[in-house]
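Here is a short tour for you to follow with the structure open beside the text. Please take a look at the fold before reading on.

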Amino acid sequence: MAAPPPPPPVPLTAAAPAATRPPDVKRLLDAALAALLLALLAPLLAAAALAVAARRPPGGTLVREPRIGLGGAPLTLRSLPVRRFRLDALSRLPHVVRGELALVGPAPLPPGDPAAHLPWRHSVRPGLTGPAQLARGSELPWDEPLLLDQHYVEHHWLGMDLALLARRLLRRPSPCVRGQAHLSDADHRVPGYSPAS
């Protein structure tokens, strides 16, 4: 008796078209807030750009720095060389509107930094602010900001973003940045790790 014919192949499920995919809430919120901030801060940023242009050679208003972005793609970060009122960071808001940066995310690193090429960094957009940026100037050892960024990538959610934005606005580091808390389950330090003294 002949063997029954094999069943027909099951068609693969096609990926959902872009129009039916769920919206990226973080991206939508980033774009909306960045556009709103740009509209509110446009006069201040324009005045700062004019002040910078008056003391720098022609064509030198913005500082251009190579960075690594989403998916490991190269990114040229443009910002005003003005630290007062955090205008250097705020002048990067157009990158957020275009989707090259997020409001909150791991620090954008230059291509020469070995940490910039860690695979977990490439899964999210770098951010204007984030755990590592808030850690600058703290008492943490040199490798803690990297751990904070990895913790963010693995556990981030909208509430964490809003909390970090609030801390940035209030200029207050988070408890783990102040060294008053541990990284719990996201602590990727090897057994026997000891912070540098």
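Helix axes here are lines fitted to C-alpha atoms over the stretch in contact, and angles run from 0 to 180 degrees between N-to-C directions. Please keep in mind that this is a predicted model.

Let's begin with the overall layout. The chain holds 6 helices and 4 strands, and along the sequence they come in the order α-β-β-α-α-β-β-α-α-α. Of its 197 residues, 34% count as buried. If we take contacts between residues at least 6 apart in sequence, 64% of them join residues at least 24 apart.

Now to a pair of helices. Two packed helices are described by the angle between their axes and the distance between the axes. For H5 and H6, the axes come within 9 Å and cross at roughly 140°. The two helices are therefore oblique to each other, and H5 passes H6 in a left-handed crossing. The table shows who makes the contact.

| Helix | Residue range | Contact residues |
|---|---|---|
| H5 | residues 144-155 | His151, Tyr152, His155 |
| H6 | residues 158-170 | Met160, Asp161, Leu164 |

By type, the residues of this contact between H5 and H6 divide into 3 nonpolar, 2 polar and 1 charged.

Ser91 sits between helix H2 (87-90) and helix H3 (93-98). Is Ser91 buried or exposed? Its relative accessible area is 12%, so Ser91 is buried, the cut-off being under 20%. Leaving aside residues up to four places away in sequence, Ser91 touches Leu45, Arg78, Ser79 and Leu80. The side chain of Ser91 also reaches the backbone nitrogen of Leu80, at 2.8 Å.

Conventions: Residues numbered from 1 in each chain as written. Predicted model: local features only at pLDDT ≥ 70, side-chain atom pairs only at ≥ 80, totals over all residues. Heavy atoms only, no water. Buried < 20%, exposed > 50% of the residue type's maximum accessible area, 1.4 Å probe, protein only. Polar contact = N/O pair within 3.5 Å; in protein donor to acceptor, adjacent residues only side chain to side chain. Contact = heavy atoms within 4.5 Å. Parallel < 35°, antiparallel > 145°, perpendicular 65-115°, else oblique. Left-handed = near helix turned anticlockwise from the far one by under 90°. Nonpolar A, V, L, I, M, F, W, Y, C, P; charged D, E, K, R; others polar.
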